[in-house]
Amino acid sequence: MKIGIPKEIKTGEGRVSLSPYNVEELVHMGHQIIVEKNAGKIAGFSDEQYKNAGAKIIDSKKEVYERCDVLVKVKEPVKEELNYFNPGPTLFSFLHLSAAKELTDILIKGKATTIAFESVRLDDGKLPILIPMSEIAGRMAVIKGANFLTTHDGGSGLLLGGSTGVHPGKVVVLGGGTAGINAALAGFGLGANVTILERNMKRIEYLNEILPKGINVIHSNRRNIREEIKDADILVGTVLIPNAKAPRIVSREVVKSMKPGSVIVDVSIDQGGCIETSRPTTHENPTYFEEGVIHYCVTNMPGAYPRTATEALSLNVFPFLVDLVSEENIEKALKKHAPLRRGVNTYKGHITIKEIADAFNYPYMDIEELL
């Protein structure tokens, strides 16, 4: 098949969907790879590396879209790219449609077929393509938060790890999933006091088994949320309900109770955010103040570390892409490979994820029936 790799144009996005190393493997399997000029430049991969891997470099985004059967992107299409999906190539990318009605409308109207990275799910429920990006976002959430505590950024002036004879700061993490674990470990590594709020008791038991004893894991309920957050120096929101818009579990009133100059990092912002005062920001303009608290709500956080993020993403996308292009057409591949089938968000004009359909009051169609 013909596989297209466009240059990402979302603000501040430096990742590319596939590294030259994985492109070389696909070419060896007999596939044709079309790469837009400078697609990997910010991530540290040159056009020459892609050429040497066997890809064809094209200086036209339109031509990349028109010539490929499958388009592999990092982030959801932005305004300049939306006209290409009528229906266009099968799109394999992060989408987060439950928080993107306009994009969902266009994909349905264009009868596009899309497979979302964040929806590809194994039999055990794990989300293998989302996990590495959640790891990166969780770690960088505390790094960014610690930086914003400086007075130069309007923060409280507290050094997160404290100093000899001086109390360290406090990090509160909402959610004990992959991003939450990595945020907690990053905070702990910097010397902060760390608390995770998690509502699932079995998950709490698991976290207590695997995490250092200095990290507190407590049940997430209204009282504990109020009490823990009011003296947090950094609050990290990592709540995830697969395919659905994130629930707002922290109210404005709770944000008001936080110390002036403290920091909120809402990793859940791709799915709408889990904090009432959160709204999407960009790498170019990453923060704003609300209720005296710094908010960092960048919708493509791992894009700040494009080299590492690209290599991690490419490694995890690759085996599923191989499955997707292994048959004579996409339909046969979806029938054969359940994780990919679960990842289909739209199929020829139909919404195939119930949570997305429910979010916008649209009809839902089971992908099994459509195939």
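In this predicted model, strand 1 (residues 2-5) and strand 2 (residues 32-36) run parallel and are joined by 4 bridges. One of the bridge pairs can be named: Lys2 in strand 1 has Gln32 in strand 2 as its partner.

These two strands belong to an open sheet of 8 strands, ordered 3-2-1-4-5-6-14-15. The pairing in this sheet is mixed. Which strands stand at its edges? They are strand 3 (56-58) and strand 15 (350-351). Each has a single partner strand, so one side of each is left without a neighbour in the sheet.

There is also an open sheet of 7 strands, and its order is 9-8-7-10-11-13-12. Here, too, the pairing is mixed. Strand 9 (215-219) and strand 12 (287-290) are the edge strands, as each pairs on one side only. On average, neighbouring strands of this sheet are turned by 20° against each other, with direction ignored.

Within the sheet of 7 strands, strand 7 (residues 170-174) pairs with strand 8 (residues 193-198). The two are parallel, and the pairing extends over 5 bridges.

Which strands does helix 5 (residues 130-148) lie across? Helix 5 lies across strand 7, strand 10 (234-237), strand 11 (263-266), strand 12 and strand 13 (293-296). Its direction is at about 150° to strand 10.

Key: Residues are numbered from 1 along each chain as its sequence is written. This is a predicted model: local features need pLDDT of at least 70, side-chain atom pairs count only at pLDDT 80 or more; totals for chains, interfaces and linings use all residues. Side-chain values use heavy atoms; hydrogens and water are left out. Two strands pair if DSSP finds at least two bridges between them. Axes are lines fitted to C-alpha atoms, for helices over the stretch in contact, and angles run from 0 to 180 degrees between N-to-C directions. Contact means heavy atoms within 4.5 Å.
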